[in-house]
Amino acid sequence: MTAELPDPRLEQIVESVLQISRGDFSVSLTPSRERDDLDAIIVGIRSMAIRLSATYDELEKRVRQRTALLEAARDRLEVLAYTDALTSLANRPALLRELAARLDGIRRGEPPVTLFLLDLDGFKPINDIHGHSAGDKVLQEIARRLVSSLRPQDMAARLGGDEFAVLVQADTASARALGQRLLQVLNSPIQVGPAVITAGCSIGFCLGIESFTAEDWLECADTAMYVAKRDPNHKLRNFADYMLQERHRRAALSAELATALSDGQIAPIYQPVIRLEDQQPVAVEALARWNHPTLGVLPPAIFLPLLEKAGLLNQLTRRLLDDALRDLARWRAQSAVDDDFRVQVNVKPKELRDLSFPDLVTELLRWHNVPAHALIIEVTEEDFISGDKLDMYSFIALRELGVRVYIDDFGAGYASFGYLSKLPIAGIKIDRTITTGVDSNKQQRAVMKSVIDLAATCGLECIVEGVETPEQARTLSEVGANLVQGYLYGWPGPFTSSNKVPNK
């Protein structure tokens with residue numbers, strides 16, 4: 001009896017199923033003339049392959065579209081990291097990067113380069129008299145005039161507030177001539193609506209030398225600029241060694257830092273974080289101030305660089321964490337705040353590289369009997385966070401502990417959403433430079449909305465800094481902001497249980 005041969009269509013069906021499972025939907029099955037059950041299966045497989053192919057093509061199209069949108073958003077935010085949002089000039093991180101590159105060139109024997117720092121003398125009254133919108137227009141016009149006065153290879157930057165920088169290839173004589181031209185251009189009146197405004201300007205400049213670091217160079221130009229600012233008759237000053245008296249003053253302060261920390265002269269004051277929907281405070285940010293016995297209250301801009309240079313930054317962080325958690329524990333015990341109220345403390349990226357930092361946080365939380373969810377660590381974005389094993393250890397350890405980590409000053413440093421996706425963080429604080437002009441500038445409003453929307457897409461909480469006017473607050477509410485912080489809701493000060501926010 002002859003064995004019946006298997007139907008060849010069975011092998012074709014099996015091969016087609018395997019082909020589809022590999023993602024290849026171009027099956028070549030053809031029904032036979034039998035029109036039996038196997039042919040019905042063949043027709044079904046062909047129909048399924050056609051539908052799967054169409055679905056797969058549609059999914060690929062959507063993925064390509066979404067990828068293109070995300071890449072475009074990433075590119076915009078990468079540009080934002082090195083661009084001042086208000087003026088479209090380079091920002092401080094971009095300038096520091098360029099200074100380091102130019103110093104490398106000077107060490108290789110390239111032509112001399114001069115750094116100018118410029119500060120507007122009468123900018124605060126402009127804001128006070130004409131409003132912040134007029135102040136923004138003045139800054140934008142100053143930026144335009146700077147760019148139009150420079151060569152394409154030169155660099156103009158806004159460092160923040162009303163302070164600008166210019167970096168040019170020039171020796172001292174050429175730099176002095178350019179400085180005089182810049183004074184003339186920047187002192188010309190500016191028409192803002194019906195008002196004619198003259199801001200006035202002070203300029204300091206410094207020739208780069210081989211021994212400088214980028215920070216040294218910036219400091220010397222800054223010192224010269226402040227000398228010019230104090231002299232009404234000479235608004236352009238070249239840096240000279242005798243100007244180092246300011247450095248000597250800083251050296252004297254540095255010698256007092258250890259005592260100031262141990263005696264509690266450096267302590268936190270607090271600024272509220274407000275929930276827009278009900279205008280209620282949900283957190284406070286702890287801000288360091290030095291209550292100097294003879295000089296009065298000194299802001300962190302004066303003593304933080306000195307602490308860092310002296311290697312005392314870790315001691316300051318421990319002091320602030322200890323004081324802030326002690327205060328929060330007391331407020332909770334007095335029912336001055338609810339259980340969800342948070343305190344936010346700033347640290348620098350280099351502190352996260354200390355493997356004992358999560359242990360310090362754990363120790364202080366237990367000592368003051370404060371739950372981990374009530375503490376937020378804000379990582380200032382002045383330095384690049386590499387995301388290496390040392391950084392990730394602290395990030396992950398804090399997350400496992402229940403402490404949330406935010407990236408502070410987002411939009412003013414290195415951070416982008418592509419960069420942040422590598423870090424286990426809970427939120428961002430949008431820098432005040434993006435808030436500036438959000439109520440009067442459509443482009444600025446669009447940038448703010450994009451950042452808020454992308455933060456939400458990435459599952460990140462978001463606090464907007466630098467809110468100073470009701471108009472800004474209304475605009476932020478319209479673009480989806482929920483948590484805000486700024487002078488509109490309170491100046492940094494002591495915490496008061498009567499109104500649950502620091503005094504204005």
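User: Before we start, what is pLDDT?
Analyst: pLDDT is the predictor's confidence in each residue, on a scale from 0 to 100. It matters here since this is a predicted model.

User: OK, where in the protein chain is confidence lowest, and where is it highest?
Analyst: Helix H14, residues 417-420, has the lowest confidence in the protein chain, with a mean of 65. The highest is in strand E3, residues 163-168, at 96.

User: And what does the chain average?
Analyst: The protein chain averages a pLDDT of 86, and 93% of the residues score at least 70.

User: Which residues stay under 50?
Analyst: Residues 497-504 do. For that stretch the model has 23 contacts beyond four places in sequence.

User: Good to know. Switching to helices: how do H10 and H12 pack?
Analyst: H10 (residues 313-333) and H12 (residues 357-368) pack at an angle of about 25 degrees, and their axes are 9 Å apart. Angles under 35 degrees count as roughly parallel, so H10 and H12 are roughly parallel to each other. Their crossing is right-handed.

User: Which residues meet there?
Analyst: On the H10 side, they are Thr 317, Arg 318, Leu 321, Asp 322, Leu 325, Arg 326 and Ala 329. They meet Phe 357, Leu 360, Val 361, Glu 363, Leu 364, Leu 365 and His 368 in H12. Sorted by class, the contact of H10 with H12 has eight nonpolar, two polar and four charged residues.

User: What about H3 and H7, what's the angle there?
Analyst: About 105 degrees, with the axes of H3 (residues 92-107) and H7 lying 9 Å apart. That makes H3 roughly perpendicular to H7. From H3, Arg 92, Leu 95, Leu 96, Leu 99, Ala 100, Arg 102, Leu 103 and Ile 106 meet Ala 214, Trp 217 and Leu 218 in H7. This contact of H3 with H7 has nine nonpolar, no polar and two charged residues.

User: Is the crossing of H5 and H6 left-handed or right-handed?
Analyst: The crossing of H5 and H6 is right-handed. H5 (residues 132-149) packs against H6 (residues 172-186) at about 145 degrees, with their axes 10 Å apart. H5 brings Ile 142, Arg 145, Leu 146 and Ser 149 to the contact, while H6 brings Leu 178, Leu 182, Val 185 and Leu 186. By class, the contact of H5 with H6 has six nonpolar residues, one polar and one charged.

User: New topic: how many salt bridges are there?
Analyst: The count comes to 29 salt bridges. One of the pairs is Asp 121 with Lys 229, whose side chains meet at 3.2 Å, N to O.

User: Why would that pair be worth a look?
Analyst: Asp 121 sits in the loop between strand E1 and helix H4, and Lys 229 is in helix H7, so the pair ties together parts 108 residues apart in sequence.

Terms used:
Residues are numbered from 1 along each chain as its sequence is written. This is a predicted model: local features need pLDDT of at least 70, side-chain atom pairs count only at pLDDT 80 or more; totals for chains, interfaces and linings use all residues. Side-chain values use heavy atoms; hydrogens and water are left out. Axes are lines fitted to C-alpha atoms, for helices over the stretch in contact, and angles run from 0 to 180 degrees between N-to-C directions. Helices (H or I, at least four residues) and strands (E, at least two) are DSSP runs, numbered from the N terminus. Angles under 35 degrees count as roughly parallel, over 145 as roughly antiparallel, 65 to 115 as roughly perpendicular and the rest as oblique. A crossing is left-handed if the near helix is turned anticlockwise from the far one by less than a right angle, and right-handed if clockwise. Contact means heavy atoms within 4.5 Å. Ala, Val, Leu, Ile, Met, Phe, Trp, Tyr, Cys and Pro count as nonpolar, Asp, Glu, Lys and Arg as charged, and the others, Gly among them, as polar. A salt bridge is a side-chain nitrogen of Lys or Arg within 4 Å of a carboxyl oxygen of Asp or Glu.
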